[in-house]
Amino acid sequence: MKGKFMFRKLAALTAMVVSVGMMAACGDSAKPEVSIKLDGVEIAFEEPLQNSIDGGLITTNVQGEPEEPAFVFGAREVSYDSIHLGTSTAPNRSEVSVLLYNDSTSTQTVYASKVMTLYYDLLEDSADQAPVLFNDIDFWGMTQDDAIAALKEKGFDIDTDTLDEGYHFIVFSGKDSVIVTMDFEQGSQFTNAAATNPRKAEVQFDADTYYVSNLDVSMSSKLNIDYSGDGN
């Protein structure tokens, strides 16, 4: 039953992404520009990762320990290995990672390659980690209803049909063909852990209430790249 449910969700998600992408192409100028900040540093799409590093972020391993990626990107290559980002001040760990691409005709380092997709995993976030802002909205500990209201207030057109069908995710778009998928999980899936060095609010999750659990933001649909590389 779980596999069948996931298949239906994937089918619904695919259909919605295609639909949102078509609508984005038709009325892109009226959509809000997407802005994402980690610890006050903007992570901009179609810009080199080095810009975010210069702003004060670092690359880390999955545990949040500072680590410089060793691999390089071939000419016109996309990687589906995620790069974890952290903050330059302790604790370094964050729940933000990015996928990158190289649209040049020469080999580039990770830092010279550009941001294509950003993931924010709120299920693994905590009050001790630096705030992540989406158009100045902090989704940490935010309920499903409050998140949708906040997005609408920022000017995003939100279709809640998937919520009515029991899937608990939404897909919407911003300016420049940026597609956003937001997932929601019940509070029972989160950890009510006390903070040792809180950088944002300590949240007590209600077991039966749905909260923002994942944010997937991408402009990959507009890339004009020959995917000849095997990735990394």
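Tutor: A residue is called buried when its relative accessible area is under 20%, exposed when it is over 50%, and partly exposed in between. Please keep in mind, as we go, that this is a predicted model.

Student: Does Lys200 count as buried or exposed?
Tutor: Lys200 lies in the loop between strand S13 (178-186) and strand S14 (210-218). The cut-off for a buried residue is a relative accessible area under 20%. Because its relative accessibility is 9%, Lys200 counts as buried.

Student: Which residue forms a salt bridge with Lys200?
Tutor: Leaving aside neighbours within four places in sequence, the residues in contact with Lys200 include Ser126, Gln129, Pro131 and Trp140, and Asp125 is also one of them. A salt bridge needs a side-chain nitrogen of Lys or Arg within 4 Å of a carboxyl oxygen of Asp or Glu. In this pair the closest N and O atoms are 3.3 Å apart, and the partner of Lys200 is Asp125.

Student: How many residues apart are Asp125 and Lys200?
Tutor: Both Asp125 and Lys200 are buried, and they form a salt bridge with each other. Asp125 sits in the loop between strand S9 (114-121) and S10, whereas Lys200 sits in the loop between S13 and S14, and the pair thus links distant parts of the chain, the separation in residues being 75.

Student: What does the structure hold in total as its number of salt bridges, and which residue meets Asp39 in one of them?
Tutor: The structure holds five salt bridges. In one of them, the N to O distance is 2.8 Å, and the side chain that meets Asp39 is that of Arg199. Asp39 lies in the loop between strand S1 (36-38) and strand S2 (41-42) and Arg199 in the loop between S13 and S14, so this pair ties together parts that are 160 residues apart in sequence. To give both items asked for, the number is five, and the residue is Arg199.

Student: Which residue meets Glu46 in a salt bridge?
Tutor: Glu46 is partly exposed, with a relative accessibility of 31%, and its partner's side chain lies at an N to O distance of 3.4 Å, the partner being Lys222. Glu46 lies in the loop between S2 and helix H2 (49-55) and its partner in the segment after S14, so the pair ties together parts that are 176 residues apart in sequence.

Student: What distance separates the C-alpha atoms of Asn135 and Ser35?
Tutor: Asn135 is found in the loop between strand S10 (132-134) and strand S11 (137-138), and it is buried, with a relative accessible area of 10%. Beyond its neighbours within four places in sequence, its contacts include Pro32, Val34, Ser35 and Phe156. Although Asn135 and Ser35 are 100 residues apart along the chain, the separation of their C-alpha atoms is 5.0 Å.

Student: What kind of charge has the surface patch formed by Asp157, Asp159, Asp161, Asp164 and Glu165?
Tutor: Asp159, one member of the patch, lies in the loop between helix H3 (144-153) and helix H4 (161-164). At 34% relative accessibility, Asp159 counts as partly exposed. Asp and Glu count as negative, and the patch formed by these residues is negative.

Student: What percentage of the residues of the protein chain count as buried?
Tutor: The protein chain has four helices and 14 strands. Of its 232 residues, the share that counts as buried is 44%.

Terms used: Residues numbered from 1 in each chain as written. Predicted model: local features only at pLDDT ≥ 70, side-chain atom pairs only at ≥ 80, totals over all residues. Heavy atoms only, no water. Patch = residues over 30% accessible without salt bridge, like charges linked within 9 Å, V, L, I, M, F, W, Y side chains within 5 Å. Areas by Shrake-Rupley, 256 points an atom, 1.4 Å probe, with all protein chains shown as cover. Charge placed at Lys NZ, Arg CZ, Asp CG, Glu CD. Helix = DSSP H or I, 4+ residues; strand = E, 2+ residues; numbered from the N terminus. Buried < 20%, exposed > 50% of the residue type's maximum accessible area, 1.4 Å probe, protein only. Contact = heavy atoms within 4.5 Å.
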